[in-house]
Amino acid sequence: MKTKAYNAGDKVSYNGRTYLALYYTSGETPGSRAAGAWAEYATDAAGNVLWTATGVFKAGDVVLHDGIRWVAQYYSRGQVPGSSPNISWKVVVDNANPAPWIANSVYVAGDKVTYEGHTYQAQWYNAAQVPTNSKGAWKLVG
């Protein structure tokens, strides 16, 4: 593999993982560099795209990370969903079944979350604002 040249778009399997060449490369081991030529792509048995450290995600891409669905707010590579500070990822909100509030996510007006046994609705875009101490960013709705 080290002597072969790969073009952008070429896929390889290496150590049981699937990688996509982002640009022409030769001699680089897939997964060896966080910002290298290779991006790892993975899915689970249900077909959900999994977040990977070398994966390249664009705005709107949805990934599963630590059992939580996240949507990329813009181009992201190497930014771990839920890490701080990080506004490149937003929890996928299901207002019919609000999930627990996550400190390192962004929320937009209308998003619902649960926190300490109550349901809150975001009044505007906010990040890291605790629902019970939010200066109006959250409204108690249940």
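Predicted model: local features only at pLDDT ≥ 70, side-chain atom pairs only at ≥ 80, totals over all residues.
Q: How do E8 and strand E9 pair, and over how many bridges?
A: Antiparallel, over three bridges, with E9 covering residues 89-91. Strands here are DSSP runs of E, at least two residues, numbered from the N terminus, and two strands pair if DSSP finds at least two bridges between them.

Q: What about E7 and E8 then, which sense and how many bridges?
A: Strand E7 (residues 62-65) and strand E8 (residues 68-72) are antiparallel too, over four bridges. Their hairpin has two residues between the strands, and aspartate 66 takes a positive phi near 55° there.

Q: New topic: what's the strand order in the open sheet of four strands?
A: E10-E12-E13-E15, with mixed pairing. The edge strands are E10 (99-100) and E15 (138-140), each pairing on one side only.

Q: How does E13 pair with E15?
A: Strand E13 (residues 118-122) runs antiparallel to E15 over three bridges. Glutamine 121 stands opposite lysine 139 in E15.

Q: And glutamate 40, buried or exposed?
A: Buried, because its relative accessibility is 12% and the cut-off for buried is under 20% (exposed is over 50%, partly exposed in between, 1.4 Å probe, protein chains only). Glutamate 40 lies in strand E5, residues 38-43.

Q: What does the side chain of glutamate 40 make a polar contact with?
A: The side chain of arginine 17, at 3.5 Å. A polar contact is a pair of N or O atoms within 3.5 Å; within protein, one must be able to donate a hydrogen and the other to accept it, and residues adjacent in sequence count only if both atoms are side-chain atoms.

Q: Which other residues is glutamate 40 in contact with?
A: Leaving aside neighbours within four places in sequence, the contacts of glutamate 40 include Thr18, Tyr19, Thr52, Thr54 and Gly55. Contact means heavy atoms within 4.5 Å.

Q: Last one: where does tyrosine 74 lie?
A: In the loop between E8 and E9. Tyrosine 74 is partly exposed, with a relative accessible area of 40%.

Technical notes: Residues numbered from 1 in each chain as written. Heavy atoms only, no water.
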